[in-house]
Amino acid sequence: MTTPLSCRNYINGQWLNAVGEATLESRNPADKTEIVATYPRSQVNDVDTAVASARKAYRSWRTVPAPARAEYIFRVGEILLQHKEELAQLISREMGKPLTEARGDVQEGIDCAFYSAGEGRRLFGQTTPSEMSNKFAMTVRMPIGVCALITPWNFPVAIPCWKAMPALVCGNTVILKPAEDTSACATKLIEIFQQAGLPPGVINLVHGVGEEAGKALVEHPNVDLVSFTGSSETGAFVGATCGRTHKRVCLEMGGKNAQIVMEDADLELALDGAVWGAFGTTGQRCTATSRLILHRDIKEKFTTMLYERTSKLRLGAGNDTDTDIGPIINEKQLQQVSKYLDIAREEGAKVLIGGEIASEGSLKNGYFFQPTILDRVTPDMRVAREEIFGPVVALIEVSSFEEAIAILNDSNYGLSSSVYTRDINRAFTAMRDIEAGITYINGPTIGAEVHLPFGGVKQTGNGHREAGTTALDVFTEWKSVYVDFSGSLQRAQIDNRS
Ligand code: UN1
């Protein structure tokens, strides 16, 4: 067993313990006896220091030319690439996802670095004619200030990169408050930003508990923007607090994503998509497929195919190459998944396969849950409406394409969606009528790429999109600039009218 990493906060270019010296532990979810890291339990005074450091650094960082800011981020991408395997191993150990997926997590961060770095030479504004003569009009993007980034444990490298990289290229300074469960991954990531030579205070890291360090950041009067990915419950608090304190806020919350399989679909392809979408990352993605909406003509056949494939999935530690499905992140989440199985049974759903905590043999020290298929689910059941965040998929039978779309849309959430069909008219109708931020045709609900907007409608978010050029809209303010070179006072709307 490796010695636990001793993680610290990173404030003003220095690695520090929390003022109160208190620490917490992150553990390997595949073997809870293994402590992966200890990390500071930061409090309000630690947050105060981090905010002061970010505020001070902002004064000069905002004036560094954007292409030069972007070069630091490019360098972060190059260093990430060199450390890809080492970081992936750590992700597997601390968060539990299989190594192939962990490599994908780091790759998403690398992609984001190179994409965001390119934006440093764009950050396009507009020029537009003025209604007055000898007057010039344009728009420019301005940074917002100090950004608090509150990130989840399911993509411990990719999501902090999605947020921090565009924020920094745009000229903001940041404070990352990572999820408790993946403190070591966050520390290693920030070490890479440090190696890239970012000036002190431009990026800061504050570890700790959401209710303490996270809350202090969200409430802090000198934080200008909060970007949060996590549960709807915490998101509601973040949104309300930012509303009260007039902060910019970008929220990415729950999902109840569905994949539709029509009777004309390529069933093998739809099966590959369903298994990957539902059970990849142990169902712990905001984009995970948690409902399968199946046309009645293929329902029985597809269910048998799904059953057979699911029965072959192997549970295990992420860094064991035989593993298909890793552990659930922690005890609380494991109990949450288990609770939804009780609810499913009470509501009359049928557990086709799985449905239990797995603890046999090498799984005994981990938080494992069997990949689970729930049959006979109706759209009104809680298991068809609430986010479970585990390896559980609910089957819903429909009689028509219209019914499938209506049921897919019958949700408080709207992040990702998918339709398997060979009918081009249905595909385009789905693209138009599905209420979600992301729609896949003949692909699973997971697998977003960094150069496209990422986010959802309804209660999934608050209208913002991460990634793509839309990330720039989160991390900048527009300024309209008028330059009058006439040498005299020109009154708009008045002097140019008779
Ligand atoms: C998330 O689960 O919060 O599209 C992010 C995907 C990944 C990102 C998921 N690229 O599944």
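**Close-up views of a predicted model**

**View 1. Thr 421 counts as buried, at 3% relative accessibility.** Buried here means under 20% relative accessible area, exposed means over 50% and partly exposed lies in between, with a 1.4 Å probe and the protein chains only. The model is predicted, so that local features need pLDDT of at least 70 and side-chain atom pairs count only at pLDDT 80 or more, whereas totals for chains, interfaces and linings use all residues. Residues are numbered from 1 along each chain as its sequence is written, and side-chain values use heavy atoms, with hydrogens and water left out. Thr 421 is placed in the loop between strand 21 and helix 14; helices (H or I, at least four residues) and strands (E, at least two) are DSSP runs, numbered from the N terminus. The side chain of Thr 421 is joined to that of Asp 264 by a polar contact of 2.8 Å, and a polar atom of the Thr 421 side chain also lies 3.0 Å from the backbone nitrogen of Asp 423. A polar contact is a pair of N or O atoms within 3.5 Å; within protein, one must be able to donate a hydrogen and the other to accept it, and residues adjacent in sequence count only if both atoms are side-chain atoms. With neighbours within four places in sequence left aside, Thr 421 is in contact (heavy atoms within 4.5 Å) with Met 262, Asp 264, Ala 265, Arg 426, Ala 427 and Asn 442.

**View 2. The ligand is held among residues that include Arg 285, Cys 286 and Thr 287.** The residues around the ligand, each with a heavy atom within 4 Å of it, also include Glu 108, Asn 154, Phe 155, Ile 159 and Trp 162, together with Ile 446, Gly 447, Ala 448 and Phe 454. An N or O atom in the side chain of Arg 285 is 2.7 Å from an oxygen atom of the ligand, a backbone N or O atom of Cys 286 lies 2.8 Å from a ligand oxygen, and a polar side-chain atom of Thr 287 lies 2.8 Å from an oxygen atom of the ligand. Of the 320 Å² of accessible area that the ligand has on its own, the protein covers 99%; accessible areas come from the Shrake-Rupley method with a 1.4 Å probe, and for residues only the protein chains shown count as cover.

**View 3. Asn 154, one of the residues around the ligand, counts as buried at 2% relative accessibility.** Asn 154 lies in the loop that runs between strand 8 (146-150) and helix 5 (158-169). A polar atom of its side chain lies 3.0 Å from the backbone oxygen of Gln 284. Not counting residues up to four places away in sequence, Asn 154 touches Met 95, Lys 97, Asp 105, Ile 159, Thr 281, Gln 284, Arg 285, Cys 286 and Phe 389.

**View 4. Helix 13 (residues 401-409) has Phe 401, Ala 404, Ile 405, Ile 407, Leu 408 and Asn 409 as buried residues.** These buried residues pack against strand 13 (257-261), strand 14 (289-295), strand 19 (392-398), strand 21 (416-420), helix 14 (424-433) and strand 23 (457-458). In an α-helix there are 3.6 residues a turn, so residues three or four places apart point the same way.

**View 5. Tyr 413, in strand 20 (residues 413-414), is buried, with a relative accessible area of 15%.** The side chains of Tyr 413 and Ser 232 make a polar contact of 3.3 Å. Not counting residues up to four places away in sequence, the residues that Tyr 413 touches include Gly 254, Gly 255, Lys 256, Arg 385, Glu 387 and Val 457. The C-alpha atoms of Tyr 413 and Arg 385 are 8.7 Å apart, while the two residues are 28 residues apart in sequence.

**View 6. His 246 has a positive phi of about 55° although it is not a glycine, and Arg 376, also a residue other than glycine, has a positive phi near 55°.** His 246 is found in the loop between helix 8 (232-244) and strand 12 (248-252), where it is exposed, with a relative accessible area of 72%. Arg 376 lies in the loop between strand 18 (372-375) and helix 12 (382-385) and counts as exposed at 55% relative accessibility.
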